[in-house]
Amino acid sequence: MKLDTRAMRHLAAEDWRVLTAVEMGSKNHEIVPTPLIEKLARLRGGVSGVHRSISALAKVGLIARVKEAKYDGYRLTYGGLDYLALHTHASRKDVYSVGNRIGVGKESDIMVVADHSGKQCVLKIHRLGRISFRTVKSNRDYLKNRNAQSWMYLSRLAAMKEYAFMNALHEEGFPVPTPLAQSRHTIVMSLVDAFPLRQISEVPDPASLYADLISLILRLASHGLIHGDYNEFNILVKEIKSTAEDGTESIVLEPVIIDFPQMVSMEHVNAEMYFDRDVNCIKRFFLRRFHFTPSQPGPFFKDAKKTVGKGGLKRLDATVEASGFTKKMLKDLEAAIKDKKTDKEGQEGANEDDDDDYDEDSDEDSEEEEGEEEEGDDEDEGEGRQEALLSGGLSEGL
Ligand code: ADP
Ligand code: MG
């Protein structure tokens, strides 16, 4: 499942209404019956107009026909959800055009987009459930029982949670991208001009970068938070050149943290495990990449725990609970994300020296057998690959 915006400009206003109607109907129906789509779309042209739009949308894969014994109907595809999100971003003037894909996470697509002024930003599209079924292990039965609709729901939750955290962290002055907009399973944020730590082979002073990264873990903890996936892919390192008065040049490294859907509270039942895992991840990477071993042990969870909220520090772990998530939502999301983490670790362990641990394109997801797969999927998308998806502006024809 890849973002393909080519059909976007050809959709008429009625088509958008019908697509929105299918999305609305999906809230209560796994398969949205055609009469309900007609009712929700309320097109002036009447039923025939709706049918025309339904065919147009199904033809480009934004909705998919599902034949059931009881009734026939349609469901929204990930492609349809992408279009609705982009449509919203475009009408709010957050996104004007879509450019290259710069990152393919296991369960996300990262695209460079531009707003109306031409400023480049990043669009992150959450795609939970994309994990290839090749890698499904026996303990992941629940995964098989999920349908595309519930994965889309979880992807929306992941985007909402990530956006809530990015906002809270940004407001508190943490080095994170600037959150700009959120719609459905997508987020728009500022583009960080930096490489992931993973791609950096040498640093002038490993000890100082290590200290910065550990102090970020501790600073998060003091606000009640654990990143939960604090690894070399989720830490971008900005290189800032500075020239001293005597003309000597030096490079200051500034880490920026990304990727927040899995963040947990310091009060979480497994908080200590998550905290230690984040710390050890950095230690292991610094040893392996820079042959650096810190002179001191720790930091330890029990010490970090004592600093939570100290001196009136804002508790950011309360932010997400306060932003409309129910316990069940958070539990579902946690289960889905835990799975992603385990899978990544399994991969990482299997090929430690491999330069690209991402599953390049796990397109064999549940959607495939439902005929949603696009044709001509031949590209190999590593980071930095330039792939123009849309030359014109998104707002055309919206
Ligand atoms: P995932 O949840 O799939 O791991 P991430 O949010 O970690 O997604 O993003 C995947 C990759 O995309 C990152 O490792 C990084 O290279 C790139 N990336 C993500 N967000 C940004 C950003 N705001 N600026 C620059 N690069 C980014
Ligand atoms: Mg990541």
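Predicted model: local features only at pLDDT ≥ 70, side-chain atom pairs only at ≥ 80, totals over all residues.
**Stop one: the core.** Start by selecting Leu19, Ile37, Leu169, Leu197, Phe275 and Phe286. In the largest nonpolar core, which has 96 residues, these six touch the most other members. Now colour helix α6, residues 148-171: this helix gives the most to that core, with 12 residues.

Next, centre the view on Ile37. Beyond its neighbours within four places in sequence, Ile37 is in contact with Val18, Ala21, Val22, Val32, Val50, Ile54 and Tyr74.

**Stop two: a buried arginine.** Move to strand β4, residues 97-105, and pick out Arg101 there. Arg101 counts as buried because its relative accessibility is 4%, under the 20% cut-off. Show side chains here, and you will find those of Arg101 and Asp109 joined by a polar contact of 2.5 Å.

**Stop three: the ligand.** Select ligand 1 and the 21 residues around it; Ser108, Lys124, Val192, Asn234 and Asp259 come nearest.

- Ser108: a polar side-chain atom lies 2.5 Å from an oxygen atom of ligand 1.
- Ser190: a polar backbone atom is 3.0 Å from a nitrogen atom of ligand 1.
- Asp259: a polar side-chain atom lies 2.9 Å from an oxygen atom of ligand 1.

To see which elements give two or more residues to the shell, highlight β4, β5 (108-114), β6 (120-126), β8 (186-190) and α11 (327-350). Finally, colour the shell by class: 12 residues are nonpolar, 4 polar and 5 charged.

Methods: Residues numbered from 1 in each chain as written. Chains lettered and ligands numbered in written order. Heavy atoms only, no water. Core = buried A, V, L, I, M, F, W, Y, C linked by side-chain atoms within 4.5 Å. Buried < 20%, exposed > 50% of the residue type's maximum accessible area, 1.4 Å probe, protein only. Helix = DSSP H or I, 4+ residues; strand = E, 2+ residues; numbered from the N terminus. Contact = heavy atoms within 4.5 Å. Polar contact = N/O pair within 3.5 Å; in protein donor to acceptor, adjacent residues only side chain to side chain. Near = heavy atom within 4 Å. Nonpolar A, V, L, I, M, F, W, Y, C, P; charged D, E, K, R; others polar.
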